[in-house]
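Try each task before you read its solution.

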Amino acid sequence: MSQKGHKRRLRPKHKVLALMSVLALGGGGVVIVEQGAFAGQDGRSAPVTATIDCPDVGDKLSNVPDQARVQVDAKLAQLDTQVADAYQQLSSGKAKDKALLGGLKQQRDQTITAITDTLGKAGQKPAGLDKLSGCVMKEAAAANPADEPAPANAAQGAQGAQGAAAQQNQQQAAKGGPARSDFVAIGNVKPNVRNAAARGGASTGSFAVQCGRNENNHFNPDNVIVAPGVSNGAHHMHDYVGNKTTDAFSTNNSLAQSGTTCTNGDQSAYYWPVLRLRDGKAEKDAKAPGGGQDANVGTILKPKQVTIEFKGSPVSKVTAMPRFMRIITGDAKALTNGNANANASWSCTGFENRQLKDKYPVCPKGSDVVRTFNFQSCWDGKNIDSANHRTHVAFADANGNCKNGFKAIPQLVQRIVYSVPPGSRFAVDSFPEQLHKPVTDHGDFINVMSNGLMAGAVRCINDGRACR
């Protein structure tokens, strides 16, 4: 979004019905954001809100020496906190416009300078990070308060200060999404799934792992892959299965010594953002980091079913993953980063040949909501992680081939099914400024299988057997 010396009008596709609010940007330009409502194709009004769009510094770091990673990861987590705090000020009306973005830029300048200095001392000083401190306002579809149920204490009678405050809080939370336009009836989506045809030398087997549905209520808002050692590094709540002790402070040693919910002894950590009903009810984390403090509200839905399966390559045999390999699929910041790394897949049971990347599905009666995470299946053959947690792994091309220098590994596919009450709105947990958009869905995995268990999985897959 340009900030240079001119006004840019962000126009909804449909007729504007409400007054425009001008948000001045720190870079000298102005963005005019339609903050009222506009008419949708169904004739009903749909509100528009603003969020904060900042360059993703972590994604630009292709090489961070081992001796600098702890400090750099901590500073990257600090950048996330700064944006989350700024968005909270924006959404609450406590601060806005040029002052908010200017103050955020100052904070980011200091933190990015610290990252650059740390990398410089380690002999890998990057160029151009100083250009990533400025943020802009971004227009996004907002939730319509009419779509959000009133909180229980407000519904019992919006009398007195307590009821009014609860109603106000609910309407404020609604500004964070999801929007009516974030949902689509799955029956209106055309089939769009294409699977690469197996060729000679393919590995056609599979290896399934039974790890439960998080019956032991293992939740936290940490992300040990992206923000190790930082509490609430994700700013949204994660569901965990497999390794029983995974949190921000886990190490390879602690993971290897942990118990597991997986029936075959797999100690791997499998986790993803929780899904919540937008029902106005207070969850246990309503006042906690990662929950209500980070604009993640409503009842957490427990999965009806979780399927974890490793699959082969349509063009070659697979090789074993190294123990402690980290893989992230999807992008938790896809609303502001764009879709380059987005990998959300939403659908409904009975309709899984229709996958949605940027919409939540509205499922017909008797059909359940499905999230599917297809992880990267190509590995550079050397690294268990990378500075931006992406470049050590890659997706195969449309024909199933890995790019030069990469080799096929077992592809993790996670399928998570939810029973959603008919007519209910729901949303995935997200960073607050990402507005719970469906495109931000993502999955995380740390391979802690023993070498023997991984070798057995590879044999099953390469031999064409289905091992359960």
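**Exercise 1.** Find how many bridges join strand S19 to S20, and work out the order of the strands in their sheet.

*Solution.* Start with strand S19, residues 378-379: two bridges join it to S20, and the two run antiparallel. This is a predicted model, by the way. Next, pick out a bridge: Trp379 has Val393 of S20 as its partner. Now widen the view: three strands make up an open sheet, ordered S20-S19-S21, with antiparallel pairing. Finally, look at the edges: strand S20 (393-394) and strand S21 (407-408) each pair on one side only.

**Exercise 2.** Decide whether Gln414 is buried or exposed, and name some residues it touches.

*Solution.* First locate Gln414: it belongs to strand S22, residues 411-418. Its relative accessible area is 0%, and buried means under 20%, so Gln414 is buried. Then check the neighbours: leaving out residues up to four places away in sequence, Gln414 touches several residues, including Tyr270, Trp272, Arg371 and Asp444.

**Exercise 3.** Classify the ring pair of Trp346 and Phe426, and say which parts it ties together.

*Solution.* The structure has nine aromatic pairs. In this one, the ring centres are 6.4 Å apart and the planes meet at 40 degrees, so the pair is tilted. Trp346 is in strand S16 (residues 346-348) and Phe426 in strand S23 (residues 426-428), so the pair ties together parts 80 residues apart in sequence. Both rings also belong to a cluster with Phe183 and Tyr360, linked by ring pairs. To finish, look at Phe183: Arg425 lies over its face, 4.4 Å from the ring centre.

Note on methods:
Residues numbered from 1 in each chain as written. Predicted model: local features only at pLDDT ≥ 70, side-chain atom pairs only at ≥ 80, totals over all residues. Heavy atoms only, no water. Pairing = 2+ DSSP bridges. Helix = DSSP H or I, 4+ residues; strand = E, 2+ residues; numbered from the N terminus. Buried < 20%, exposed > 50% of the residue type's maximum accessible area, 1.4 Å probe, protein only. Contact = heavy atoms within 4.5 Å. Phe/Tyr/Trp six-rings, centres within 6.5 Å; stacked < 30°, edge-to-face > 60°. Lys NZ or Arg CZ within 6 Å of the ring centre and 35° of its normal.
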